[in-house]
Amino acid sequence: MRAKLMGLFLLGLIRVLTGSQARWTGCPPKAEQRIYFANHQSHADLVLIWAALPRDLRALTRPIAARDYWTKTRFRQWITTAVFNAIYVSRERSANEDPLEPLLDALAHGDSIILFPEGTRGNAEEPQPFKAGLYNLALRFPQVVLVPTWINNVQRVMPKGEVVPVPVLCSVTFGTPVQLHPGEERRVFLDRARAAVIALRDL
Amino acid sequence: MNQYLKNMSATQQVGAMFLIVFGCLALAGIVVFLLSTREYPEGPAGDAKRQLLARADGVLRSSWVMVIVFWIGWLSGDTVATVLFGLVSFFALREFLTLSPTRRSDHRSLVLAFFVILPLQYLLVGTEHFDLFTVFIPVYVFLAIPVVSALANDPQRFLERNAKLQWGIMVCIYGMSHVPALLLLDFPKYHNKNAFLVIFLVLVVQVCMVVQFFAARWLQRAPAAPAISSSFNWPSWWIGVAAGSLLGALLAGVTPFSPAQAFAMAGVACVAGSLGHLVMKAIKRDRGIPIWGADGSGVTGTGGLMDRVDALCFAAPVFFHSVRWYFQL
């Protein structure tokens, strides 16, 4: 109940601040297993994609949260678990643990996920080169649809280091799904996926 | 009929007026719906007709929203009405600033504009501090915004950035806040009827714009500023202003004005509103967009909020000031 109210509150807040307009240019919103991969410029990115998805899909789609930051206080843990149903990923690598492990579990379980393949927030015009995670997931789960996603304007809502968000209209554009070709090399695929995300900017 | 209307109380009169407006909108909706069920030939002629219908539908829809907002505002009292107009300001400013690129260092100024200046201005309206409310933004905010920007330590395009922000605040907050201020003006022998004044303003400005639009289509004159607007020309502008002012004179009965005064006041509002609309068009051309909205492209097919309220934002302060000055309120 409290989680539901918090979800509604966040949804209302993000709509008032950004309009959170979804533009499905390359594929319709559909309840199939998907990986939405997007450019990453702000903490608000995650909430914005989450808010742009239709309600039914929101329940099936899980964002990813850094374990060290999002489990530090009880409130942070509650909001990521109860409201966003997030998957925790450790940022520092230990020798005997695959950082992708929790994602693999979620995908095997049939969930859709939201991924930021740059790894960290950038503040340049174009996204940084993608990390290998997307490739590895695509390799392991060939049936999952990979949807490139461009988040527009969000860095203006809350730049790094600021606490109070400012209202600016934002949009989330979902493009045509990309596929991993058989035998395609890792770098080639990652660059192609990145280009697919950037191409949505000028639509 | 006239006698009957005169015998009603002020509240009943306003209620009757809303009924009439709702009825007119419903009638117009039925007409548009019937027209849309007709078959139109394929090709450019039919496409033009369909486009015109779609546009009429959009205008009708936004009129419904506006009228219902007014109605709720009137039902629930001046405070709620003021808050409602504050929200309109908020969304209009959001649209305006989305399309004027700001830099990271503008963040604090934007926070100030949205979360301090906007509520304060409407608080001044609500508490009827009219002397402060008319100078708060042009005098005090005019200094406060650039000070905050200067402290952000970023000289790049400083004047341009601040000018844009100041402009957005003037149009979206200052202009819009004069509409609820009309509700609180205290005319002698005109209690509880100030809602008429707002409707009067909106109606004459809107009629002026619509008549001007159709006159421009009908007259097909050379535009006065083709690079800014392909439809604006002086003859149709005169026709629009005349139509708005005449309507104002006809509506004199519901206002505290005599017919001649109403004619003049409506004329002032129409001139300010239609020319303000032209100015906002110039800004849109500068940004290279056809309509306001998320990214200036009509994804959903309807225009932004700014397209609907820009004339009002310019007409309201001028109208408010002329009324106050003329009647020494």
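Predicted model: local features only at pLDDT ≥ 70, side-chain atom pairs only at ≥ 80, totals over all residues.
Residues count from 1 along each chain as its sequence is written, while chains are lettered from A and ligands numbered from 1 in the order in which they are written.

Back to helix 3, residues 44-75 of chain B. Helices here are DSSP runs of H or I, at least four residues, numbered from the N terminus. With 32 residues at 1.5 Å a residue, helix 3 of chain B should span 46 Å, and its end C-alpha atoms are 46 Å apart, so the two agree. That expected span is 1.5 Å times one less than the number of residues.

Which residues of helix 3 of chain B are buried? Phe70(B), Gly73(B) and Trp74(B), where buried takes 20 or more other C-beta atoms within 10 Å of the residue's own, C-beta atoms being placed from the backbone. Their cover includes helix 2 (10-37), helix 4 and helix 8 (194-219) of chain B.

Now the domains, from an automatic or database assignment: in chain B, domain 1 is 1-75, domain 2 is 78-184 and domain 3 is 189-329. The centres of domains 2 and 3 of chain B, over C-alpha atoms, are 22 Å apart. Their contact takes 17 residues from domain 2 and 21 residues from domain 3, contact meaning backbone-placed C-beta atoms within 7 Å. On the domain 2 side, helix 7 of chain B gives the most, with ten residues.

Definitions and conventions:
Contact = placed C-beta atoms within 7 Å. Helix = DSSP H or I, 4+ residues; strand = E, 2+ residues; numbered from the N terminus. Buried ≥ 20, exposed ≤ 12 C-beta atoms within 10 Å, placed from the backbone.
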